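Student: I have a structure to look at. Can we go through the terms used to describe it?

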Amino acid sequence: MSHFAFRLEISGLVQGVGFRPLAHSIAHELGFCGWVRNSGFGVELVLFCDGAKCEEFVRILRHRLPPLARIDSLKITKIWAEKNEGFVIENSADDAKTTPILSDFALCEACREEFYDPQNPRHLYPFIICTHCGPRFSLIKTLPYDRANTTMAAFPMCDFCKSEFEDPKNRRFHAQPVSCPECKIPVFLKDKRGAILARDGAAFVEAARLLREGKILAVKGIGGFHLMCDALNDEALRNLRARKNRPAKPFALMCPDLSAARKLAHIGKIEAQILTSKEAPIVLLRAKSPLPLIAPNIHKIGIMLAHTPFHLLLFEHFSGVLVATSANLSGESIIHRDEILQERLSGVFDFVLSHEREIHNPSDDSLVQIFDEKPMFLRMGRAFRPSYVAYEGGRLGERDGERGGNFLALGSELKNEWVIFYANRLLLSGHIGDLRGVRTQERFFKSLDFFTQNYGLDFERILCDAHPHFHAAKAFEGPLKIQHHYAHFCAAYFEFKEHFDPDEKALGFIFDGTGYGEDGSVWGGELLWANLKAYERVGHFARFKLINADVKNVQNLALSLIWHYDLEEEAGEFLAKIPPQKLSNLKKIHRASSLWTSSLGRVIDGFAALVFGTEKISYEAELGLLCERFYDADLDFSYALEFRDGQVDFRELVLGALRDEKGRAVTGFFNALADFIVRFSQDLRGQVGEEFKVILSGGVFQNKTLLEILKRKNFVFFVPLRYPCNDSSIALGQMVHFLNLSKDDNEMVGKTSKR
């Protein structure tokens with residue numbers, strides 16, 4: 001017989017987080033009959049009760065959400081249904097799939113206590129997890145999130161694990177990756193040829209011994225392999241730099257706990273909270289003393305804490321701190337499969353500490369720094385991505401308040417991430433990397449295919465960067481091209497959208513290294529007057545000619561600045577260090593060059609090359625970090641940046657680099673940038689006769705020193721924190737701009753675009 005009931009359809013982060021057990025527990029407390037199950041859109045409940053009791057259920061549910069859960073929408077409808085006895089958890093429904101997939105999280109406190117408890121069956125077990133922690137995204141092959149659809153399907157549960165898995169009152173109820181020493185995931189230590197040297201517990205003991213001897217190990221993490229060595233062993237560090245061809249780029253460190261991290265870096269309250277959070281990212285910190293082989297020439301180090309039981313067990317046998325850098329070749333994706341590791345990196349590592357649980361979806365470690373007592377993300381990966389954001393606002397495809405259609409934003413060539421719009425939400429991928437390499441392109445399409453196949457998506461529109469040679473765009477027909485720096489602006493505007501009225505315009509300082517401009521030149525020092533629908537370029541740094549496109553040869557950038565302002569006489573000392581024939585040839589190339597740029601990133605590198613006498617850099621932010629080290633906050637000195645005829649003249653910066661000592665030059669440079677931003681904003685307010693908000697974005701604003709100078713000036717600005725201000729957020733900017741076009745605008749840019 002049918003009875004009156006309520007159906008609750010809940011979307012968000014509600015699968016694999018203990019949501020159904022919580023619903024089961026609350027229903028039993030309230031004496032409800034009904035059922036709960038996973039569905040393609042999230043979780044579905046049916047409650048046989050009256051309206052007041054249903055409201056009470058929802059109130060308790062929201063108040064007691066599990067640590068990893070998040071409700072994005074909750075729809076309640078009245079239905080007639082067959083009433084069952086009691087409240088049960090049913091099998092997952094096989095229907096349309098839109099539900100979010102959770103990322104991978106650090107070990108929770110409850111599991112950590114059990115890990116160290118000698119009386120617990122999972123004492124020192126390297127894969128201890130529950131519904132509140134552990135891997136998700138890295139294991140899942142298809143939806144719904146059930147064990148049979150993950151890489152854990154290869155490991156049958158023992159009776160003990162099964163009893164916990166099936167007990168609604170247990171913390172491991174339906175914890176899909178659950179296992180224990182009885183139904184263990186095998187661990188092994190191998191040499192570089194693949195021969196197994198030790199297994200399970202003995203593998204950790206032997207691995208620790210090898211690390212103490214100065215060996216380099218490839219160690220399997222949640223999202224891929226790390227290359228690890230003793231962080232205090234100079235010979236091991238030199239070997240790792242030489243083998244990985246990484247002369248100067250800093251190494252990330254993994255510490256066993258917060259106490260060990262505090263010995264190496266200054267860690268405040270916010271830093272400590274982020275380090276010990278359920279996400280456990282790498283946090284960029286100020287070193288207590290120079291670490292020349294870990295972070296050459298800079299005063300910052302990146303630290304993460306051991307966040308998996310696998311790493312914690314290694315630290316049970318190794319006393320110290322480990323380097324934990326991604327196992328990859330420069331510019332390529334992180335390696336997550338044993339056979340690829342052997343093929344690509346056998347010349348780098350000495351031994352491998354791995355296990356048999358397959359990583360289906362790789363991810364890089366997330367990277368964050370603290371600015372203004374808030375986390376500022378520089379790279380989004382493990383634990384933070386994939387990310388799902390409910391989308392509100394915009395008029396594209398509105399039907400009864402919903403935005404119809406599926407759209408894909410391909411992002412940028414460097415630091416790539418993509419964004420999908422579907423089911424009234426934004427899906428943001430994790431960090432993929434630089435698409436100039438074939439293997440990174442393969443990862444791009446594999447990650448994209450994973451979601452499009454799971455959600456059954458076909459795209460009505462493809463969005464991409466405006467660069468004519470953008471690799472990923474070649475696989476799609478007729479993508480809509482969106483200017484790079486405007487996409488930077490839109491991503492930042494979207495993050496702070498609650499501060500803006502509809503269609504309100506803002507002033508954007510968009511400073512980075514490179515981006516294709518509307519005039520065919522390289523932009524990167526842009527002043528934009530814009531909202532999410534359109535932009536106007538109201539100014540830019542003065543264009544100067546490049547010798548070639550090799551931006552790592554910063555000596556050439558320095559020469560470009562000298563020749564742009566005809567400062568050969570003032571630069572005599574700098575030029576004398578370059579062989580005359582080489583200098584003559586470079587000057588001829590410069591005269592014939594047609595490469596023009598307004599990039600502030602290139603100005604910074606050229607300026608720093610003059611100050612420090614650097615010929616080449618080995619990684620992108622090398623000179624920016626070096627400049628931060630030399631900045632003197634107590635020195636009240638600034639160069640002058642003049643704005644005339646729509647361009648920022650930076651001649652004084654080049655002259656200062658040639659004549660002043662390092663600390664004064666760097667300080668004058670940073671202060672000049674901050675002064676210009678403040679002064680230009682004030683002057684423009686006087687011209688337009690009204691107040692407006694200021695947005696800062698682009699890779700240059702990852703420079704914490706510059707942001708802190710502006711903060712000390714009491715200058716009010718918005719800089720991206722939640723979404724990286726570098727090229728990682730280009731896809732987000734592309735998408736939110738497109739979603740804010742009117743229907744007519746959308747029809748003008750085309751209707752379909754398929755791969």
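Predicted model: local features only at pLDDT ≥ 70, side-chain atom pairs only at ≥ 80, totals over all residues.

Student: Which residues of α20 are buried?

Tutor: In α20, residues 704-712, they are K704, T705, L706, L707, I709 and L710.

Student: What is found at the start of α20?

Tutor: A side-chain oxygen of N703 comes to within 3.2 Å of the backbone nitrogen of T705. The cut-off for a polar contact is 3.5 Å. After α20 comes N714, with a positive phi near 60°.

Student: Why is S599 called buried?

Tutor: Buried means under 20% relative accessible area. S599 has 0%, so S599 counts as buried. S599 is placed in the loop between β30 (596-597) and α16 (600-612).

Student: What does the side chain of S599 reach?

Tutor: The backbone oxygen of G513 is reached at 2.7 Å. The backbone nitrogen of G601 is reached by the S599 side chain at 3.2 Å. Setting aside neighbours within four places in sequence, S599 also has contacts with residues including D512, T514, W523 and F544.

Student: How do you know that I547 is buried?

Tutor: The relative accessible area of I547 is 5%, and the limit is under 20%, so I547 is buried. I547 is in the loop between β29 (544-545) and α13 (554-564).

Student: How many aromatic pairs does a search of the whole structure find?

Tutor: The search finds 48. One of them is Y493 with F500, at 4.1 Å centre to centre and 20° between the planes.

Student: Why is the pair of Y493 and F500 called stacked?

Tutor: Centres must lie within 6.5 Å, and stacked planes are under 30 degrees apart. The values for Y493 and F500 are 4.1 Å and 20°, so the pair is stacked. Y493 is buried at 4% relative accessibility. F500 is buried too, at 9%.

Student: What makes F509 and F511 an edge-to-face pair?

Tutor: Edge-to-face needs planes over 60 degrees apart. F509 and F511 have 70° between the planes and 6.1 Å centre to centre, so the name applies. Both residues are buried. They belong to one aromatic cluster, whose members include F541, Y565, F650 and F701.

Student: What describes two packed helices?

Tutor: The angle between their axes and the distance between the axes. Take α5 (residues 200-212) and α9 (residues 309-317): their axes come within 8 Å and cross at roughly 65°. The crossing is right-handed. The contact is made by residues including F204, A208 and L211 of α5 and F310, L313 and H317 of α9.

Methods:
Residues numbered from 1 in each chain as written. Heavy atoms only, no water. Buried < 20%, exposed > 50% of the residue type's maximum accessible area, 1.4 Å probe, protein only. Helix = DSSP H or I, 4+ residues; strand = E, 2+ residues; numbered from the N terminus. Polar contact = N/O pair within 3.5 Å; in protein donor to acceptor, adjacent residues only side chain to side chain. Phe/Tyr/Trp six-rings, centres within 6.5 Å; stacked < 30°, edge-to-face > 60°. Axes fitted to C-alpha atoms, helices over the stretch in contact; angles between N-to-C directions. Left-handed = near helix turned anticlockwise from the far one by under 90°. Contact = heavy atoms within 4.5 Å.
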